[in-house]
Structure formats: structure tokens, C-alpha cells
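Please keep the sequence and the model open while reading.

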Amino acid sequence: MTAPADSGWLPNRRLVVIELVIVLSLSLGRSGIYALVQLIGAATAPGGLSAQTTTLHGSYAPSRPLLDLTLQLLGIVFAVVPVALAGYLLVRSGTSLRNVWFRGAGVGDLGRGAALAVAVGSVGVGFYLVMHALGLNLTVVADGLPSVWWKYPVLVLSALENAVLEEFVVLGYVLVRLRQLGFGDAAAIGLAAVLRGSYHLYQGLGGFAGNLVMGLLFGWLYRRWGRVTPLVVAHTLLDVGAFVGYAVLAGHVSWLPT
């Protein structure tokens, strides 16, 4: 198995742990805490999880399309700022971003990512439907945007935002730091996968479990390939399929919960 060259000068372990806490508190760790609270709220509401709905994309200014678009784009841009922070901190500690993010990246990563997206996506749709039928998942409304000209471009950009933020932070930063702190591959991958599952708790227990398994797979592939690029491609395509697919199919097929 090939592993990224994630060694490099580090300050003492306590400072690295503090650094991890700060970065996660500004990004996905904060999302995980909010998601847990949202899960508790949904589980204790009348009807249980399956009777509740969570909307991934909503309008910020329904009656003002251009203002709404501006706010949507600002949200996407600022959401990926933690990636820049993570990269800066890695470089400051002597870690090469080429080695831990892009080593061996090339056009072939498009094919790897697409194949991975097809495999994970086909299983993921079935898993979501089963979990929803069992009452373990909320109804996920992937698109609540108005019918405006920028709707689909924003959904695609949102998919790219999710992929960049999650893969660069969870794999390219958290997993790297855990390995530098002395965690073995299995422990580091497992902890990173739990983090990935945590900020999907707002979708229900199915959302947590599905993303936990996805996190284990992506963590293993990252350690094998030594770069995040094919995983960013896969994640982007998965979310494009989920967001755009929902927007196109919702209300037109009977099997999709709406």
C-alpha cells in the first residue's frame, strides 16, 4: 500500500491537537455538533425521523433572484476557506502539499473518480431508500431553490464546494495530522470516517452510517493513492447526481421521497 509522504516538522503534540480542534471548530467539526442537535430535534419531533424533512439548498431571498444568487455564491466561496487554512498550517509545519494532496495526480484521476462515483452512488441511493423506509432517515430534499436560470449552476457549484471542503479537510488535513501524531492507518482512517459521518447526522442515522462507510472507503483509497484528487472528482459527481437528480426527478417518480 502506498502512503502519502506526510511526515515533516511538527510543533509539540499538544499544539497540533489544539490546531485540529480550532480548524474543525471553524468547519466540519462545528457542522457535526449542529447536525447532532438537529438529529435529536428531529428524533423527538412528532412522527419520528422519517416524518421530518431536511432541505439542503434553499433560497436566501425568494423574491429577489440576483440578491439570492449573490448570497448563494458568497456562501459557496466562504465555505471553502478552511481548506486554505488547512493548507497553510500544513505548509507552515513543513508538510508538502504536493506530497499529501496532489502526488501523482493526472487526467486519469477523472476516470478513477467517475468509476468510484458510479459504484458508491448506486449503492448509496438504495441504502438511503431502505433507511428511509425503516424510519431511520429524514426525507432529504436536495433542492429547494426556486426555478431560476442559475439554479442548476449553483447546485453544481455546491457539489464542488462540498467535495473540496470535505476531501481536503478530512483526508488531506485531519488524516494527515492524525498520522503525524502517531496514529496507525486503521485508527486514523476510522476517526476521520467518524468525523465524516458526524456532520451528516442531520440526515438521520442512515446518513451517518452511509457516510461512515464511505469515509472508511475513501480513507483507504487515499492512503493507497496518496492524493485527494480522484476522491474530489468522485465526491463532486456524487453530489451533482444527488442535487441535480433530485431537482429533475422530484415529483415525477414515485420511489423518491419528497
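**Ser158 and its surroundings**

Apart from neighbours within four places in sequence, Ser158 touches His57, Ile76 and Phe243, where contact means heavy atoms within 4.5 Å. The model is predicted, so local features need pLDDT of at least 70, side-chain atom pairs count only at pLDDT 80 or more, and totals for chains, interfaces and linings use all residues. Residues are numbered from 1 along each chain as its sequence is written, and side-chain values use heavy atoms, with hydrogens and water left out.

- Ser158 sits in helix α7; helices (H or I, at least four residues) and strands (E, at least two) are DSSP runs numbered from the N terminus.
- With a relative accessible area of 7%, Ser158 is buried (buried is under 20%, exposed over 50%, partly exposed in between, with a 1.4 Å probe and protein chains only).
- The side chains of Ser158 and His57 form a polar contact of 2.7 Å (a pair of N or O atoms within 3.5 Å; within protein, one must be able to donate a hydrogen and the other to accept it, and residues adjacent in sequence count only if both atoms are side-chain atoms).
- Ser158 is 19 residues from Arg177 in sequence and 27 Å from Arg177 in space, C-alpha to C-alpha.

**Thr95**

- Thr95 is in the loop between α4 (81-92) and α5 (97-101).
- Its relative accessibility is 3%, so Thr95 counts as buried.
- The Thr95 side chain makes a polar contact of 2.9 Å with the side chain of Gln180.

**Helix α1 against helix α7**

- Helix α1 (residues 13-25) packs on helix α7 (residues 151-180) at about 160°, with the axes 10 Å apart (axes are lines fitted to C-alpha atoms, for helices over the stretch in contact, and angles run from 0 to 180 degrees between N-to-C directions).
- α1 is therefore roughly antiparallel to α7 (over 145 degrees; under 35 is roughly parallel, 65 to 115 roughly perpendicular and the rest oblique).
- Residues in this contact include Val16 and Leu20 of α1 and Val169 and Tyr173 of α7.

**Helix α6 against helix α10**

- The axes of helix α6 (residues 108-133) and helix α10 (residues 229-249) come within 7 Å and cross at roughly 45°.
- That angle makes α6 oblique to α10.
- Among the residues in contact are Leu110, Gly113 and Ala117 of α6 and Pro230, Ala234 and Leu238 of α10.
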